[in-house]
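Me: Hi! Could you walk me through this structure while I have it open?

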Amino acid sequence: MESVGEPLISAVAIARNEERTIGSCISATRRGLSSVGGGEVLLVDSASSDRTVERALREGCRVFRIRKASRICPAAARWIGASLTRSRYLLFLDGDCELEEGFLPEAVAAMEADPTLGVVAGQRKDYYLTQEGSVPASVEYYQDRRSANDRRHAYGGCALYRRTALEAAGSFNPYLRAKEEEELGYRILSAGYRITVLMVPMIRHTTVPRESARRLLRSLNHGFFLGRGQAARVLLSAGQARAAFHGLDRVLMVLGHLLLGVVAVGLWVRGIEWAGMAWLGVSAVAFIALVIRGRSLRRAAYYLVEWVVQGGCLVPGLLMIQRSPASFRWEGEEEVPAAKQSEKLPRVLLIGPRPEPPFLGGVEKGVDLLLGSDLAARTSMRVFDTYRVHDPHRSLAERIAYMYGRIRALRRDLADHPVDLVHVKTSSGVNFHQNALYAWTARRQGLPVVLQIHSGRFETFFRRSPALLRAWIRWTLRCTTRVVVLSRGWADRIAAIAPPARLSVVPNGLDDAEMALLRQSGDFRSPQVLFLGTGNAALNRDKGLEDLLHVLPGVARSHPETRWVLAGLDDPGAVRARLEAEGIAASGSGPRVRCLERVAGDERLALLSESTVLVLPSYFENMPNVLLEAMAAGLGVVATDVGAIPEMLGYGEGGLLVPPGNRSALAGALDRLLASPARVRTQARRNRETVVSQYSMRVMQERLEEVYRAAAGWPPSRRNPASGAVVAFDAESGPRPAVPFSGQPVAKP
């Protein structure tokens, strides 16, 4: 008897990226349910990246969305759907199927008349999507099952189930990637229930043509061929040897023939030529017979390839470890209409360095700023800290052991604290390869990955890598869900390295508190040129310190009223002595040049606030934070045209640009800017306005939020992205000023 409040039927549709068909699927299902008094429609969505969920919600359907971390297959989606519903009967459908209106009345009547009937299916008609439109298949799917008393278990994925029969059999095996209904059918029969296929139309199925490369690749990508071997292993363990290899006779014959071919080749090599010739002759005769029987050379070639591919997947499928359905776990939640969904955000794990301040690099500062942002709170962002003190004396074995341990730690973290998306911040060199392994680990867990590149040397790193590593770099960029760069210029460069990469532009940003302190600087200050180094001799050479020291004496003599501050030096005393040898006062009372070690915090802010010009003669940059700080403080700028610097300065509006390593151009630019205080003030005003409109944390968060949504397959926010935001990089969006690549070695004095 039906329990009080128990609905008669729940329809469970499963889908992944079925935007085109899900609307008609749900509409047809509602019409079918209305013919038997109505019922619930539930969509179990496997982390679709298109608008499947939005269309289902628009149809008024109840939707459960499974996160990519669950890595589920159709059997798992049906298992989940059964666990989320409560009804006497369960109708399972695929998102690319339309239910025929006459099926449910016949099926329910058959179920009600015979309590031993556990599963009822009907006739299925396939329609193939071709260039000429939708073309019906030449045969009916169940043409070999015409008897209403047919007890065969291979009834297809769409059918009406009695819940008690499904529960008695233990429901679907959520780990099976193929033949899941056939394996379940044996268990339903063993539980004492019957299965039948009625002589009434049940569904219209829209799919790709049977004999096409698209169908072959789709089956391969979805793990169907691997799943056939997996199902064979499960059926064999249940004592169903005949069922285990049902439908695989030709695949096994091809496998056996290929093994004979290996033996024949071996004999041929040993001088027994007749063996190889005989094998080739049998192969030719068999293929000709296949062509004659199918009346098509193309069809014969297709099936031969398919049988070989299936055979190659059958063995690893048979060897797959069997897992108990009781161990199945999944992550997901019920979706809400778009008006509410747009306010939600994916949960994010940020992978990057987070040492104790002061921070030595822009990546570390970026990690700290992002973790303290409103976006971090709204995404429940956590950090997987990759910081490690650099030690060049570590052995290769130590490095490998460390990396292996960190990858295991990341896997545990993702298992214990599920997220919707992983954001990896990376540089170049060894750091990139390490972070690529983190990204690969997350992708293996089924998670979308946003890979953000911060290194100004990335292009040089790629070009100087061996061919095998270049292929690895390209593969990483292509397989990442979204690659984030800091500027349009860098988007051009990464697109040239890996054209298929999905690129988004999200610039660095200054937080409101730091920007407010820097903007307190007055417009009229005594002329002072500031260079901010890193405190590291090698990095300072990349920052162009040697070029600056070469031109500074001449420029200083031409502008005696100008003071100079060289901060972030690894050996201030040596630089001071060098300048004094050139006749430039760098010590004593009121020196014209101050030489300082690395500065941070209030001292750094004070230097920016009291200076008028920033000089940044770098050889490599991405989007330097020191330039953002100088722009916010209202400084004029002399810098090299590398990385994102030209974009940040409006290609000359906010500063004078010089080629890296060109000392005469550097000296000339400093001379022109120091000779024109009005130009400095014009640049300062422009730079302050640009930082607020384009490089604030607010702008960065809004753009990054849209990237997170797109990467995770979530709908965009209801508000528009920040003004001027470039969320997705489009190579056809129009011309931009060329930013030449400069990868020459640092010039020596």
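Reply: Happy to; we can go through some salt bridges, aromatic rings, a helix and a surface patch. Keep in mind that this is a predicted model.

Me: Good to know. How many salt bridges does a search of the whole structure find?

Reply: The search turns up 30 salt bridges. One of them joins the side chains of Glu 180 and Arg 78, at 2.7 Å from N to O. This pair links distant parts of the chain, with Glu 180 in helix α6 and Arg 78 in helix α3 (residues 74–83), 102 residues apart.

Me: Is Glu 180 buried or exposed? And what about Arg 78, buried or exposed?

Reply: Glu 180 is buried, at a relative accessible area of 8%. Arg 78 is buried as well, with a value of 2%.

Me: What about Asp 368, which side chain does it meet in a salt bridge?

Reply: Asp 368 pairs with Arg 354, at 3.8 Å from N to O. Asp 368 sits in helix α14 (residues 362–371), and Arg 354 in the loop between β11 (348–352) and α14, 14 residues apart. Asp 368 is partly exposed, with 28% relative accessible area, and Arg 354 is partly exposed at 37%.

Me: Let's look at helix α30. How far apart are Glu 702 and Arg 698 in that helix?

Reply: They are four residues apart in α30 (residues 697–712), so about one helical turn separates them. Glu 702 and Arg 698 form a salt bridge, with their closest N and O atoms 3.8 Å apart. Glu 702 counts as buried because its relative accessibility is 15%, under the 20% cut-off. Arg 698 is partly exposed at 43%. There is also a network here: salt bridges with shared partners join Asp 374, Arg 378, Glu 705 and Arg 709.

Me: Nice. Switching to rings, how many aromatic pairs does the structure hold?

Reply: There are 12 aromatic pairs. Among them is the edge-to-face pair of Phe 92 and Phe 172, with 5.3 Å between centres and 85° between planes. Phe 92 belongs to strand β4 (residues 89–94) and Phe 172 to the loop between α5 (163–169) and α6 (180–190), so the pair ties together parts 80 residues apart in sequence. Phe 92 and Phe 172 are buried.

Me: Why is the Tyr 302 and Tyr 303 pair called edge-to-face?

Reply: The planes of the two rings lie at 80°, so the pair is edge-to-face, given that the cut-off is over 60 degrees. The ring centres of Tyr 302 and Tyr 303 are 5.3 Å apart, and both residues are buried. Elsewhere, ring pairs link Trp 79, Tyr 175 and Phe 328 into a cluster.

Me: Which ring does the charged end of Arg 388 sit over?

Reply: The ring of Tyr 402, at 3.8 Å from its centre. In another case, Arg 493 has its charged end over the ring of Trp 490, 5.0 Å from the ring centre.

Me: New topic: how many residues does helix α17 have?

Reply: α17 (residues 430–444) has 15 residues and spans 21 Å from its first C-alpha to its last, close to the 21 Å expected. Its buried residues include Phe 432, His 433 and Tyr 438. After the helix comes Gly 446, with a positive phi near 85°.

Me: Last one: which residues form the nonpolar patch on the surface?

Reply: Leu 258, Leu 304 and Val 308, which together have about 210 Å² of accessible area. Leu 304 lies in helix α12 (residues 297–319) and counts as partly exposed, at 35% relative accessibility.

Notes
Residues numbered from 1 in each chain as written. Predicted model: local features only at pLDDT ≥ 70, side-chain atom pairs only at ≥ 80, totals over all residues. Heavy atoms only, no water. Helix = DSSP H or I, 4+ residues; strand = E, 2+ residues; numbered from the N terminus. Expected span 1.5 Å × (residues − 1). Buried < 20%, exposed > 50% of the residue type's maximum accessible area, 1.4 Å probe, protein only. Phe/Tyr/Trp six-rings, centres within 6.5 Å; stacked < 30°, edge-to-face > 60°. Lys NZ or Arg CZ within 6 Å of the ring centre and 35° of its normal. Patch = residues over 30% accessible without salt bridge, like charges linked within 9 Å, V, L, I, M, F, W, Y side chains within 5 Å. Areas by Shrake-Rupley, 256 points an atom, 1.4 Å probe, with all protein chains shown as cover. Salt bridge = Lys/Arg side-chain N within 4 Å of Asp/Glu carboxyl O.
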